[in-house]
Amino acid sequence: MATYEDLAGKVVLITGAAGGIGAATAKAFVAQGCKVALVDVAADALAAVAASLNAPQGSVITCTADISKEDDVKAYVDATVQAFGTIDVFFNNAGIEGKVAPIVDQDMADVDKVFAINIRGTYMGLKYVLPIMYAKGCGAVINTSSVGGLSAGPAGGVTPYVTSKFAIAGLTRLASSEAAAHGVRVNSVHPAPVNTQMMRRLEEGFAPGHGNEAQQGIASGIPMGRYAEADDIAAAVVFLASDAASFITGDQLRIDGGELN
């Protein structure tokens, strides 16, 4: 991965840090010399990620939070500022895939949960992080959407997830317009399928008992012939956080191996 000297010493806040993309991105930022605040609802998994980073003492904190709850969002933002004094980079990454089922068979409680975490949680992260960045006139936000949030294609039973990712794409564009006057950049990343536990769950949902076959079918539809790895996404996030991307805002960066549908 490229080294960005401007990132050394920066404070990075990552939600969904116990998942594959979040953990890989935490590792990548630590390698750049950053301080990191890791947020997730899964306390044990979050602690394991923090321990795996081998970061300098005092450069990593963890915050257990449900990002769909406003008090939890306020708490993880406050904890980061209390520990490190500011927030320079916000990887607004946490999300869930929801149940695999046609629209007519979706339980509204499941739909509400997807929207609460993926849309409400992402929105509230911006609401409480942006003022900190505005006050100092700089900062970088990267929201996690999906290729499904740009061109839905055949939704394949994950309409609530895809809908939420379209919302994040729109939110990013609007937030970037508001934030630009304050010196803050807001971009989104749009991965194709990534080789993480989320995809294992989705594969099983698409083809119960035949997840391996589902994986092969999905990968065959990607021109590069494989899923992305979490490190592929982390590299893009680190770039967007760095001064190398200083004139990039409102961008919707596809990380898709050539997948166009």
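Two strands are said to pair if DSSP finds at least two bridges between them; strands (E, at least two residues) and helices (H or I, at least four) are DSSP runs, numbered from the N terminus. The model is predicted, so local features need pLDDT of at least 70 and side-chain atom pairs count only at pLDDT 80 or more, whereas totals for chains, interfaces and linings use all residues. Residues are numbered from 1 along each chain as its sequence is written, and side-chain values use heavy atoms, with hydrogens and water left out.

By this criterion, S2 and S3 pair in the parallel sense, over 5 bridges. Both belong to an open sheet of 7 strands, ordered S3-S2-S1-S4-S5-S6-S7 with parallel pairing. Strand S3 (60–64) and strand S7 (252–255) form the edges; each has a single partner strand, so one side of each lacks a neighbour in the sheet. From one strand to the next, the twist averages 15° (angles run from 0 to 180 degrees between N-to-C directions, and axes are lines fitted to C-alpha atoms, for helices over the stretch in contact).

Contact here means heavy atoms within 4.5 Å. Helix H5 (residues 159–180) also packs on the sheet, where it touches strand S5 (139–144), strand S6 (184–191) and S7, and its direction makes about 160° with that of S6.

Helix H5 also meets helix H4 (residues 108–136): their axes come within 9 Å and cross at roughly 15°. H4 is therefore roughly parallel to H5, a term used for angles under 35 degrees. Residues of H4 including Val111, Phe115 and Leu126 meet residues of H5, among them Tyr161, Ile168 and Leu171.

The largest nonpolar core has 33 residues, and Ile14, Phe29, Leu38, Ile142, Val189 and Ile233 have the most contacts inside it. Such a core is a set of buried Ala, Val, Leu, Ile, Met, Phe, Trp, Tyr and Cys residues joined through side-chain atoms within 4.5 Å, where buried means under 20% relative accessible area (1.4 Å probe, protein chains only). Among the elements giving two or more residues to this core are strand S1 (11–15), strand S2 (35–40) and helix H2 (43–52). Helix H8 gives the most, with 8 residues. Apart from this core lies another, of 28 residues, among them Ile87, Val129, Val141 and Ala179.

Definitions and conventions. Buried means under 20% relative accessible area, exposed over 50%, partly exposed in between (1.4 Å probe, protein chains only). Angles under 35 degrees count as roughly parallel, over 145 as roughly antiparallel, 65 to 115 as roughly perpendicular and the rest as oblique.
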